[in-house]
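Dear colleague,

Please find the structure below.

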Amino acid sequence: MLLARTQRMDRNPPMATEIQTTLIILKPDAVQRSLMGRIMSRFEDKGLQIVGCKMMRISRELAERHYEVHRGKPFHERLVQFMTSSPVLVMAVRGVGAVEICRKLMGFKFGSQAEPGTIRGDFGVSNSFNLIHGSDSPETAQFELALFFDAGELVEIDRAIEGWVYDLSTGSPE
Ligand code: ATP
Ligand code: MG
């Protein structure tokens, strides 16, 4: 019994232990539907830090660079049109393992199939207008943050609550 449990635990993917910063975009549908506050609260409630935040209208050139990996796919042009159709809110979100945590908070990419409890699962039904973007790896996050933020735009926050968000007794946040 104990062995089975140990083996199951060993199969878990390794947990990220480093502090990461990831790019989140509240897409035009989230802004138009007045969901910015409620969606941002999901990240704050989780204990993550918002270290950069601004509203902007994405240019076609920026949208194409951001979604370069999807160039040539049938939905690419519609996606670029959507992302440039109305203002968005871009955020830099930081925490231990923030990239994967944010992807989990967002939920599956299609609103019709996203799990309840996730942002996409709770706030939308559309498979195209899916409210939110989040970087899908630490490497992608670095690339995407540089597209949307100048280095000087991100802040360092010495939060008073940090010692209650994380166990800091080992010297690194756990
Ligand atoms: P995002 O990159 O925006 O965070 P994602 O990583 O969950 O979303 P991707 O596979 O990278 O999903 O697709 C990028 C975006 O393209 C999706 O968020 C969605 O808006 C759109 N998209 C993806 N697949 C389709 C599809 N089959 N039909 C319509 N739109 C799609
Ligand atoms: Mg993606």
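Which backbone atom of Gly134 lies 3.2 Å from an oxygen atom of ligand 1? A backbone N or O atom of Gly134 is the one at that distance. Taken alone, ligand 1 exposes 580 Å², and the protein buries 83% of that; accessible areas come from the Shrake-Rupley method with a 1.4 Å probe, and for residues only the protein chains shown count as cover.

The model is predicted: local features need pLDDT of at least 70, side-chain atom pairs count only at pLDDT 80 or more, and totals for chains, interfaces and linings use all residues. Residues are numbered from 1 along each chain as its sequence is written, chains are lettered from A and ligands numbered from 1 in the order in which they are written, and side-chain values use heavy atoms, with hydrogens and water left out.

**Ligand 1**

Ligand 1 is surrounded by 16 residues, of which the closest are Lys27, Tyr67, His70, Asn130 and His133. Here a residue is near a molecule if one of its heavy atoms lies within 4 Å of it. At least two residues of this shell come from each of helix H5 (76–83), helix H6 (98–106) and strand E4 (132–134). Helices (H or I, at least four residues) and strands (E, at least two) are DSSP runs, numbered from the N terminus. Oxygen atoms of ligand 1 also lie 2.8 Å from a polar side-chain atom of His133 and 3.1 Å from one of Arg120.

**Glu18**

Glu18 is located in the loop between helix H1 (2–10) and strand E1 (19–26). Glu18 counts as partly exposed because its relative accessibility is 39%; buried means under 20%, exposed over 50%, and partly exposed in between (1.4 Å probe, protein chains only). The side chains of Glu18 and Gln20 are joined by a polar contact of 2.9 Å, that is, a pair of N or O atoms within 3.5 Å; within protein, one must be able to donate a hydrogen and the other to accept it, and residues adjacent in sequence count only if both atoms are side-chain atoms. Leaving aside residues up to four places away in sequence, Glu18 touches Gly95, Val96 and Gly97, where contact means heavy atoms within 4.5 Å.

**Thr84**

Thr84 belongs to the loop between H5 and strand E3 (88–96). Thr84 counts as buried because its relative accessibility is 17%. A polar atom of the Thr84 side chain lies 2.8 Å from the backbone oxygen of Val80.

Yours sincerely
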